[in-house]
Amino acid sequence: MAEMFPGSASTWDGAPRTSQVDSRLTSPIAGSLLARLREFVSRHRMRRAHADEVYTRSRNPKRGLPVADAPAVYAFTGRMLKSRKGLIAAMLIANGGAAVAGLIAPLLLSALIDDLTSGETEAAMLAQVNRVVLIVLIITIAQAVLQLVARRASAVLGHGMLAEAREDVIRWVLKLPLSRVESASTGDLVTRVTRDVGSMAGAVRWALPRFVITGMTLLFTMVALFVNSWLLALPLLFTGILLWIAMRRYLRWGPKGYIAEGHTYSRINSTLTETVEGARTVEAIRLGDTRVALTDDDIEAAAQAETYTLSLRSELFFITGLAHRLPLVFAVIIGTIGYGADLVTLGQITAATLYLQQLVNPIEMMIMVVNQLQVGVASTSRLIGISSVPPDRESDPDAAPVDGHLVAKDLRFAYREGHDVLHDVSLDLRPGERLAMVGPSGGGKSTLGRLLAGINGPREGVVEVGGVDVMRLPLERLRTEVALVTQEHHVFVGTIRDNIVLAREDSTDDAAVWRALSTVAAAEWVHKLPDGIDTMIGSSNYSLTPAQAQQIALARLVIADPHTLVLDEATSLIDPTTARHVEGAMNALLTGRTVVAIAHRLHTAHDADRIAVVEDGRIVELGSHADLMAAAGEYARLWQAWRS
Amino acid sequence: MFGFPPRVTAYTSSVRGVAPRPDEEVPDTRSPARFLLWTVGRQLPQVAIMWLVCVLWLLPGMLAPLFLGRAIDEGVRAQDMGRTLLWCGLLTITILISVTADAIQIGAEVANWLIAMFRMMKLVARKVAQLGHVITRRVPPGEMLSIASGDADTIGATAHTAARVLSALTSFAVVVMLVLSESVRLGLIVLIASPIIVVGAAPILKPVQKAQLAERERSSKLTGMAVDIVAGLRILRGIGGERTFGDNYAKQSQRVREAGVRVGTWWAAVDSSAVLLSGVLLVLLTWAGASEMIAGRLSVGQLVSFFGYAVFLLNPFWLLFEGAQRWIAGLVSADKTIGLLRHRPPWAAANPDPSRRQPQGTPTGSGHDDFLVDTATGFTAAQGQFTIIVSADPDEAAKLADRLGRYLPSTQEAEEDDEEPEGSKAAREHRRKKAERRARIAAADETHAEAPWGVTLAGVDLTDMPLDEVRRRIAVSDASPGVFAGTLREALDPTGTHDRDEAELALYTVSADDVWDSLPDGWQSVIDERGRGLSGGQRQRLVLARMLLSAPEVAVLVEPTSAVDAHTEARIAARLPGYRKGLTTIATTVSPLWLRQADKVALLDEGRIVAEGTHSDLLATNPAYRAVVTRGFDVPSDSPVSDTKAGS
């Protein structure tokens with residue numbers, strides 16, 4: 001069949017939207033017990049295959065930032081640990097003391113039982129009881145105090161490391177190369193600074209200290225078991241083997257399962273977010289049932305992921321349950337034989353049963369800790385990946401443009417290799433002029449604007465300001481030469497001053513902020529605020545009207561004070577009802593600067609000094625309105641259509 | 001096996017006052033407690049399974065000390081291998097049962113959690129779909145989303161704890177009987193000391209909770225700052241400000257660290273007091289037990305059993321304690337949830353009396369000017385024609401578009417995503433005020449929705465037409481319509497009901513060649529959430545194509561190309577009338593590129609239609625009209641980049 005767009009026929013899928021979940025997974029299970037079991041196993045395999053696929057995809061994202069490897073994570077963690085040696089020592093010593101204290105009490109108690117069965121006089125026995133009980137009481141108090149110290153030290157350590165790590169992450173984010181920031185979608189980065197920082201937090205602040213503490217407790221308890229009686233410690237072998245098998249299986253599949261599960265929940269969230277934020281659209285195009293069905297399908301996918309991790313956990317807990325409970329039985333049987341052969345005493349048997357029961361909690365804790373650490377390592381590797389993005393320019397700190405004359409020479413540029421979107425474009429901007437760029441979407445206007453502003457470097461050719469390649473200018477310098485202004489007017493969480501001083505944050509005093517606010521006609525309403533320029537704005541703080549937000553955005557540029565501005569659709573999203581206010585502010589900003597305006601509206605072009613018509617990556621017409629009308633080209637045709 | 005996710009059948013009717021269908025569930029939103037009970041009631045079978053396996057799981061905790069004691073007394077001490085094996089065999093059986101029950105218990109536990117949580121999410125989705133634009137006027141989106149993510153989870157936790165508390169009570173009763181049957185004196189010590197220990201630890205838990213709350217608040221603020229930095233990263237790297245906001249983040253990060261250390265310290269206190277208290281219990285038991293042994297009233301094995309019971313009994317108390325806390329947290333979440341779910345559609349069922357649907361006056365049909373009439377402004381549109389509304393104030397035109405589609409006007413009382421004040425009393429008061437404000441809006445909506453609407457389609461007032469019919473026949477684009485994540489095909493054809501030729505034609509009509517070229521996989525290309533990655537103009541054209549493809553009888557387009565460049569706008573304006581041939585199209589714009597294409601142009605001023613005619617007629621004869629549409633030509637020279645069409 002004929003197609004109006006290349007590749008349309010081959011990508012059109014006749015079937016309507018399909019479920020994410022294989023229907024074989026959701027049909028009811030029937031038949032004999034054996035058949036059901038077999039069906040369950042086959043479904044478990046399908047879920048596993050799916051989880052592995054999601055995991056692999058999440059490790060190698062098509063778009064987005066790189067991911068570091070595990071050694072980088074260990075090196076990073078090692079560096080943080082090294083600077084906290086004193087704290088770590090305090091934690092280890094206090095914790096070791098608490099663990100030892102926890103092991104002495106059962107020993108003393110079992111010794112007491114031996115004494116009681118040795119047939120002394122009643123008074124002597126009572127005295128012995130009182131003595132032992134008093135000692136155990138003192139030891140218990142000591143244990144509680146040591147534990148308090150150890151836990152507090154571990155909290156200080158964990159939270160300190162976490163704070164350092166997340167501040168590092170934000171520092172890396174704030175150093176990302178300009179061209180990377182401009183092109184990448186923010187989704188990946190948002191996930192990293194929220195979910196990944198969250199799971200790193202779990203690992204660093206909870207799992208890492210617990211790993212040390214629990215590891216010590218486990219080790220000491222085992223030593224105590226052997227010291228008590230090596231014979232009665234033999235069941236530990238059984239525990240060890242079973243645990244090893246169960247953990248190996250779990251750690252192999254578990255983390256992938258949880259990552260896949262996490263994905264299903266973010267999908268539920270994003271679908272619901274779209275439904276809620278687009279409620280009006282949903283109603284207008286009668287998508288209600290479709291959106292509800294989508295959420296139901298997302299939830300079904302989450303249920304499948306939960307079923308999978310649930311099966312993994314059930315298996316794990318079944319085996320570990322056997323591993324730490326059955327040794328008790330073995331100990332009693334060995335004890336019966338050993339007691340008869342005079343190899344062990346009743347007290348040793350009692351102590352062994354107590355120690356074995358004391359092992360249960362640390363072992364369960366250790367499993368959770370190792371699991372959390374695995375997830376933490378995966379997340380941390382994604383965070384460290386942010387720091388491994390290569391810089392996009394080599395700036396020369398001594399570069400000093402002689403004037404504000406911006407010239408583009410023979411520019412070629414491609415986002416994808418082999419697909420040039422600009423072909424040999426040259427443009428000489430006269431200082432102080434207003435140049436409007438018009439042309440159809442996709443013609444290369446925005447790309448040319450980004451090259452002029454030094455956001456991206458050209459593949460061939462050069463953009464120079466005052467005789468210096470813009471890509472060689474340090475970023476701080478570039479910002480005061482050329483600025484790209486887009487339709488975005490983000491208000492940051494912070495004070496009004498914070499929101500304005502951006503470009504010269506180290507050298508702007510309050511008077512300059514007020515001057516900038518006056519320039520954009522915002523001083524009046526800021527004066528009326530209780531805290532003036534110290535008023536907190538953004539997010540849930542004092543909320544600005546769209547016009548005020550735009551004024552703040554313009555005041556930033558007044559402070560930056562670049563001689564050249566590239567406006568990309570900068571005003572096309574201005575709320576028409578506030579346009580009067582903001583247009584005045586805009587004009588104040590533009591006065592005395594070179595302006596390149598990528599324009600949607602023809603009257604914008606009409607009023608400019610020169611107009612550049614950009615089509616198919618080339619400047620096809622260039623001149624004043626009158627010149628172009630006289631040339632009777634594309635621009636003139638469009639103007640006629642608009643005018644009549 | 002455990003019945004999750006649940007099937008949810010609530011909120012099917014888009015008008016109020018309709019009796020629920022026999023299979024439709026009706027959430028009990030009269031009070032938070034009733035809502036929680038309703039939720040638990042919806043999953044009784046799972047609660048029952050949970051109770052059963054919990055009791056089995058607790059078996060070894062209850063019986064193991066008994067069997068272990070007997071094995072030591074009758075087997076080890078008496079050197080009777082037979083007895084040892086007997087008791088050990090019983091011990092093994094209880095362990096096997098318990099471990100199996102443990103595996104099932106994890107499932108039942110998660111199931112109870114998930115069923116309640118998934119049910120909440122599904123209810124929210126259905127509520128939003130049921131109410132559409134009405135709900136966004138009453139409840140801020142952030143609140144709805146936090147109900148679906150946060151409160152749904154809390155309610156899930158409450159449902160699952162309800163089941164656990166039941167089993168804790170059962171096991172407690174069993175152990176009490178066992179303990180008393182062995183030794184009354186020791187039994188009483190265990191029974192009295194265990195609750196004292198738990199209750200004794202309780203006061204420490206209060207500051208823990210407070211500290212945790214503070215940490216959570218600070219830390220969610222910190223996450224907000226990180227997201228803020230990422231969202232504004234383009235500006236931070238483009239204009240500057242890395243140090244300011246990096247430092248702000250670091251400062252907050254340190255505040256989170258302090259709060260975290262405080263929580264950690266309190267937890268350390270809780271943990272070590274647990275060590276202390278259970279240590280004291282052990283000492284107490286040893287002392288009493290040893291005295292009993294010396295007096296010959298107790299055997300070694302029995303003493304070992306008592307150690308086990310004492311440790312075990314702490315569990316049910318912890319569970320009860322946890323249950324109480326979860327219930328309180330659940331009530332708060334349930335309160336927030338019913339604050340959303342209790343909203344009902346403002347629309348009354350359409351009057352079934354057929355006489356009211358009879359068109360009044362002259363019959364209307366193709367070409368007749370009174371096909372679509374708004375009595376408030378005097379606006380009329382003829383069937384099958386292209387009418388454009390021109391207004392100096394774009395808001396006024398948008399309001400008229402909303403009226404034509406029977407959308408409630410935007411509220412005066414703007415709802416803000418406000419934060420709850422600290423302190424439970426102040427928070428309760430805050431919630432009550434919020435609920436009152438919403439009830440006021442709801443009452444006003446219902447009054448508004450019941451009265452005659454004042455817009456007639458083919459002579460029938462929209463109030464007398466079922467809402468579904470209105471939505472099917474009249475489609476109104478809104479000022480910021482959403483693109484939803486999915487493939488390009490799904491973005492254009494979300495219901496999957498159109499064929500390729502139709503879709504291509506729609507895409508061609510909106511001149512979306514650049515969109516097509518920028519997407520690598522044709523129709524299967526993935527569009528991100530909210531169309532992120534596309535430019536404003538590209539998004540706007542996709543939304544327009546979606547509207548065109550759905551081919552409504554009446555399409556009302558609000559500023560359809562406000563973000564599109566003039567070249568492209570000219571192409572779209574030229575192609576659209578042909579695409580909509582035979583259907584009624586209404587647009588609001590002041591762009592001459594569009595106006596030339598219209599069959600009729602209506603000038604709206606101060607809430608009334610003041611002039612009608614073709615673009616060229618009005619341009620020639622009406623100075624007010626000329627002033628509005630030619631404003632762009634005559635901007636003063638000090639306003640060189642006024643990019644908006646309808647600027648001042």
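## Helix packing in chain B

A crossing of two helices is right-handed if the near helix is turned clockwise from the far one by less than a right angle. In this predicted model, helix 5 of chain B passes helix 6 of chain B in such a right-handed crossing. The residues involved on the side of helix 5 of chain B are Val176(B), Val179(B), Leu180(B) and Glu182(B), and those of helix 6 of chain B are Val184(B), Gly187(B), Val190(B) and Leu191(B). By class, this contact between helix 5 and helix 6 of chain B holds 6 nonpolar residues, 1 polar and 1 charged.

Two packed helices are described by the angle between their axes and the distance between the axes. For helix 5 (residues 141-182) and helix 6 (residues 184-231) of chain B, the angle is about 145° and the axes lie 6 Å apart.

## Helix packing in chain A

In chain A, helix 9 (residues 235-277) packs against helix 11 (residues 288-340) at an angle of about 165°, and 9 Å separate their axes. Angles over 145 degrees count as roughly antiparallel, and helix 9 and helix 11 of chain A are therefore roughly antiparallel to each other. The contact of these two helices of chain A comprises 29 nonpolar, 10 polar and 5 charged residues. Helix 9 and helix 11 of chain A cross in the left-handed sense.

## Domains of the two chains

Chain A is assigned two domains: domain 1 covers 52-386 and domain 2 covers 406-643. Taken over C-alpha atoms, the centres of domain 1 and domain 2 of chain A are 53 Å apart.

For chain B the assignment gives three domains. The C-alpha centres of domain 1 and domain 3 of chain B are separated by 51 Å.

## The interface between chains A and B

How many residues of chain B are in contact with chain A? There are 158 on chain B, and they touch 161 residues of chain A. On the chain B side, helix 8 (residues 242-294) gives the most, with 33 residues. The side of chain B that touches chain A is made up of 77 nonpolar, 46 polar and 35 charged residues.

Leu116(A) belongs to helix 5 (residues 85-116) of chain A. Is Leu116(A) buried or exposed? It counts as buried, because 20 C-beta neighbours lie inside 10 Å and the cut-off for a buried residue is 20 or more. Beyond its neighbours within four places in sequence, Leu116(A) is in contact with Met125(A) and, from chain B, with Ala290(B), Met293(B) and Ile294(B). Between Leu116(A) and Val129(A), which is 13 residues away along the chain, the C-alpha separation is 8.6 Å.

## Buried sites in chain A

Helix 13 (residues 445-452) of chain A has 8 of its 8 residues buried, so it is largely enclosed by the rest of the structure. The buried residues of helix 13 of chain A include the charged pair Lys445(A) and Arg450(A). Also buried in helix 13 of chain A are Ser446(A), Thr447(A), Leu448(A), Gly449(A), Leu451(A) and Leu452(A). Gly454(A) follows helix 13 of chain A and has a positive phi, near 75°.

Ile552(A) is a residue of helix 18 (residues 546-560) of chain A. Ile552(A) counts as buried because it has 24 C-beta neighbours inside 10 Å. Apart from neighbours within four places in sequence, its contacts are Val491(A), Asn499(A), Ile500(A) and Leu544(A). Ala303(A), 249 residues from Ile552(A) in sequence, is 46 Å from it in space, C-alpha to C-alpha.

Most residues other than glycine have a negative phi. Gln79(B) is not a glycine, yet its phi is positive, about 50°. Gln79(B) sits in the loop between helix 2 (44-77) and helix 3 (81-131) of chain B. With 12 other C-beta atoms within 10 Å, Gln79(B) is exposed.

Ala458(B) also has a positive phi, near 50°. Its place is the loop between strand 4 (455-457) and strand 5 (460-461) of chain B. Ala458(B) counts as partly exposed, with 18 C-beta neighbours inside 10 Å.

How values were computed. Residues numbered from 1 in each chain as written. Chains lettered and ligands numbered in written order. Predicted model: local features only at pLDDT ≥ 70, side-chain atom pairs only at ≥ 80, totals over all residues. Axes fitted to C-alpha atoms, helices over the stretch in contact; angles between N-to-C directions. Helix = DSSP H or I, 4+ residues; strand = E, 2+ residues; numbered from the N terminus. Parallel < 35°, antiparallel > 145°, perpendicular 65-115°, else oblique. Domains from an automatic or database assignment. Contact = placed C-beta atoms within 7 Å.
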